Number of protein chains: 2
Amino acid sequence: MGKLKGNILYGQSGGPTSVINASAFGVIDEAQKHKDIEEVIFMKHGIKGALNEDFFFLSHQDETTIELLKHTPGSAFGSVRYKLKDFREDDSNYVRLLYIFKKYNIRYFLYNGGNDSMDTCSKIADYMKHIDYDCWIMGIPKTIDNDLPNTDHTPGYGSAAKYIVNTMMEISYDMLAYPNGKVTIVEIMGRHAGWLTAASAVANLSGFGPDLIYLPEVPFTIEKFKEDVKRVYHEKKQCLIAVSEGIQNDEGIFISSSSGLKDAFGHFQLGGVSSKLSNIVSADLGIPSRSVELGSTQRACSHLQSLTDVNEAIQVGREAVKAVLSGMTDHMITINRVSNDPYKVEYGFHPLSDCANTEKRIPLEMINEDRNGVNQKLIDYVLPLIEGENPPKFKNGFQQFAKVK
Amino acid sequence: MGKLKGNILYGQSGGPTSVINASAFGVIDEAQKHKDIEEVIFMKHGIKGALNEDFFFLSHQDETTIELLKHTPGSAFGSVRYKLKDFREDDSNYVRLLYIFKKYNIRYFLYNGGNDSMDTCSKIADYMKHIDYDCWIMGIPKTIDNDLPNTDHTPGYGSAAKYIVNTMMEISYDMLAYPNGKVTIVEIMGRHAGWLTAASAVANLSGFGPDLIYLPEVPFTIEKFKEDVKRVYHEKKQCLIAVSEGIQNDEGIFISSSSGLKDAFGHFQLGGVSSKLSNIVSADLGIPSRSVELGSTQRACSHLQSLTDVNEAIQVGREAVKAVLSGMTDHMITINRVSNDPYKVEYGFHPLSDCANTEKRIPLEMINEDRNGVNQKLIDYVLPLIEGENPPKFKNGFQQFAKVK
C-alpha cells in the first residue's frame, strides 16, 4: 500500500496530555503491521530532536516500555515549543531537515500536537512538496484544551475532563462536612477556550458539583461575580466555583494578569485568578473563601484516564499511519461524532493549513442564559468522552511509567 | 458480651479523610453481628448533632448506601469543630447529652476523629463516669496528617500519601517534557507535622519524584532554600519541590503567614507558601517557577484510596465496637506495626486522655542530614501504607458516593 519503503519519523509537541503517549502506541502498533515501514524513529523534544539528530528508535525499546505508553502521562519522547519560520523567508532549518530525512530514509512524518504543532507540520509538508522530496506527512491531534478546529473533540480532553469532574465531586462532598461552609474557587486550565472548566458541570449529575462556572468565552465582571456568589451562599451557606485561568474582562484583559502587587521581598506577585477572586470574596463579601489551583495535574492525570479517550488516542495514531501509507499527506486526523447515544465516532482528515493557528471556543448555545454555567448541550457533549476507565499499572502502590531508551 | 442492651451513638469530627466513612462502615458491619446492639445512631455534624438531637439512623439506610461508604470521601454524616468545656466549669452541654443518651438508650458512644475529637470523647467519658451513667466510650482514630500519638499511624494517612506520591510522579514526568524546565513547588497539607509532605519522597522509587522536601519539623531559612534550588537547577535544569504548608522559621513563625500584602482592591493577600517561594525563585534567582496547591483534594481523594488504608479504617471501626461490647471504655483504638516485611499490624488501645491534644511529629532520625529531604527509614515506614487499590464505583465516568438519608 505504501508509496515507498522507508521509516516513520514521529514527534510530540506542545503541552503534554495524559494520553499523547497512547497515540505513540497506536503509531507503533499499526506501523509494525506494515512491511513497508522499516523503523519508527522518535524525535527527542519534537522538531528540535530532528534538527539536532537526537532520536530514539523503536528497535531499541522493549515490549514493557511500549505497553506502558498507554499508561504514561507527559511526553515520553520529550516535547518542544518551537515555531518554524516560513521556508521562503529562511530555509536553513528545512535544508537541515531534508538532510536528516534523506540520511534516515524518512518517508513518513507524523507530528502529534495542537494548533502550533499543526502549523509546524504544515510548513514541513509545504517545503517537502516544494523541493519535490517524496514523503507523506500527517498531523495527529492532541490537547487537553479541546480547542483544535475541524474535529468534534481532541484526544487528551476526555481524560483531563474526567479528572476535573471527579475532583470537583470530591471537593464538593468534602465541603458538605461542615454546616457553615466556605466559598471554594477552583482554577482550571484553558487560556482561551473554556472546555475543561465547562466539563466540571458534569459533576452535578452526581449531586455534587460546582454552583457557578466562569468561562473565557464570557466577559467577566467583578460586580456580577459578587452578586452570583452572594446569592448562592445566602441560599446554601457554601458555594463551589469553577473558574477558567483565562477569564477576561470586556476589554479582553486577563483577570489573572499581574496587578502590580509586590511582596515583602519586592517581587511582583504572579498570583492566579482563583486566589485573586478568593481574596475579593473574603474581603468584600466577608465570606470565608479559599482557592484551589489544580495546575499541571490536570494534564498529567494518568491515574484517572478515560478509556474512551485512551482508545481514541490510540486510534488517531493508527489512522495516521494508515493514511500516510495509503498516499494521503498534508492533513490532520479528525474525530467525527456520528451519534451520541449510543456514542459512535468515525475518523476523517482535514487539511493541515486549516487546522493551524485557529482556536475552537465553546459556542454560546452551550452556555446558560445567566452566563455563569453551561446547559444540557454541553453535558451531552462531554459525557461520552469521560466514559470508561483505564486503571494504572500499580506496583507497591505507585504507577509504572514508560522509560524510553 | 455487652454490658447492656442499647444503641450505639457514632459521630465524625475534625477534617475529613477519604476513608473516615470506611470506619463508619466497620462500625455498622460489626454492630449488626451483635444482638445487644439495637440501633446505630449517627450524629449529624458530630457532637453538635447530639446536642441538637439531629440524627441519622442505620435502620433508615439501604444496603447500597452502606456499601458505598467504603468509597465515599468527606464526612458522610457531617463533621464539626467544637471544643467542649470541662464539665466542672460548665455542665450545660453534658446535662443535655445525658438527657439525649437516656432518651435514645445510648450505651455505646464512638467518636471518629483526631486530637481534638479525642479530647471531646475523653471529656464525655469523664462526665458519664462522674454521673454514674453506664456507657462505654471509644475513640476511633482518623487524620490525613498522621499526627495522632500512641498509634503507629492513623487511618486516612495512607490514602492521602498515595494520592500525593502518584501526583508528584505525574508532575515530575510532566516536567520532563521540556529540555529546559522550571522549578515547580508543590504545597502539601500538614500544619505542624510533615508526614504527608515527607511521603512524597516515595515517588523517587519510580525515578520521578521531588528533588527537595521542606518539613515543619526543620526550621526554614530562605537563604538555605535558595542555595538548594540553585544547586539542583544548575545540575538538572529543573527542580521539583515538596513543601509543607506548615514550614516555619527558627522563631516558629509560619512562612505562609500574611506578609502585609494588599492587592489593587485593598485586600490582604492570604497567599500560600508555595506561591510565595515560587515568586522568590523567579525574582531572586531568575529561574522560571510555578506553584501547585493541591488543597482539599488531598484529603478527599476517594478515587485513589490505598486498600491497606481502607481495610485498616474498616478494622478500627470494628475493633471499637468489639471493645465497648467487651466492657472497655475511655480508650482510643491504636494500630501497632508488628512487622514491616511482610507488613503486619495488630490493634490495641490507649487511654483517651493521653491521645488528646498531643501531636506526633516526624522524628529527626527519619530526616536526611542536609535537612531538605528524608531517608530510607521514612520510605520504609510509608511504603506498606499506600499498598493496594480500592477502585471507585464508577458510573458514566464519575464516582458514586453514599447519600445518607
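Author: Start with pairing: two strands pair if DSSP finds at least two bridges between them. Strands (E, at least two residues) and helices (H or I, at least four) are DSSP runs, numbered from the N terminus. This is a predicted model: local features need pLDDT of at least 70, side-chain atom pairs count only at pLDDT 80 or more, and totals for chains, interfaces and linings use all residues. Residues are numbered from 1 along each chain as its sequence is written, while chains are lettered from A and ligands numbered from 1 in the order in which they are written.

Reader: How many bridges join strand β1 of chain A to strand β4 of chain A?

Author: Strands of a sheet pair through backbone hydrogen bonds, either parallel or antiparallel. Here β1 (residues 6–12) and β4 (residues 106–113) of chain A run parallel, joined by 6 bridges. Take one residue: Ile8(A) has Tyr108(A) as its bridge partner in β4(A).

Reader: In what order do the 7 strands of the open sheet in chain A lie?

Author: Read across: β3-β2-β1-β4-β5-β10-β11 of chain A, with mixed pairing. At the edges stand β3 (55–57) and β11 (343–351) of chain A, each pairing on one side only. From one strand to the next, the twist averages 30 degrees. (Angles run from 0 to 180 degrees between N-to-C directions; axes are lines fitted to C-alpha atoms, for helices over the stretch in contact.)

Reader: Which strands does helix α1 of chain A touch?

Author: Contact means C-beta atoms, placed from the backbone, within 7 Å. Helix α1 (residues 20–31) of chain A packs on the sheet and touches β1, β2 (37–43), β4 and β5 (136–141) of chain A. The direction of α1 makes about 175 degrees with that of β1(A).

Reader: At what angle do the axes of helices α8 and α9 of chain A cross?

Author: Roughly 70 degrees, for α8 (residues 222–236) and α9 (residues 273–285) of chain A, whose axes come within 11 Å. The two helices, α8(A) and α9(A), are therefore roughly perpendicular (65 to 115 degrees). Among the residues that meet are Phe225(A) and Val229(A) from α8(A), and Leu277(A) and Ile280(A) from α9(A).

Reader: How many residues does the contact take from chain A and from chain B?

Author: Chain A gives 66 residues and chain B gives 66. On the side of chain A that touches chain B, α6, α9, β9 (289–293) and β13 (398–399) of chain A each give two or more residues.

Terms used
Parallel < 35°, antiparallel > 145°, perpendicular 65-115°, else oblique. Contact = placed C-beta atoms within 7 Å.
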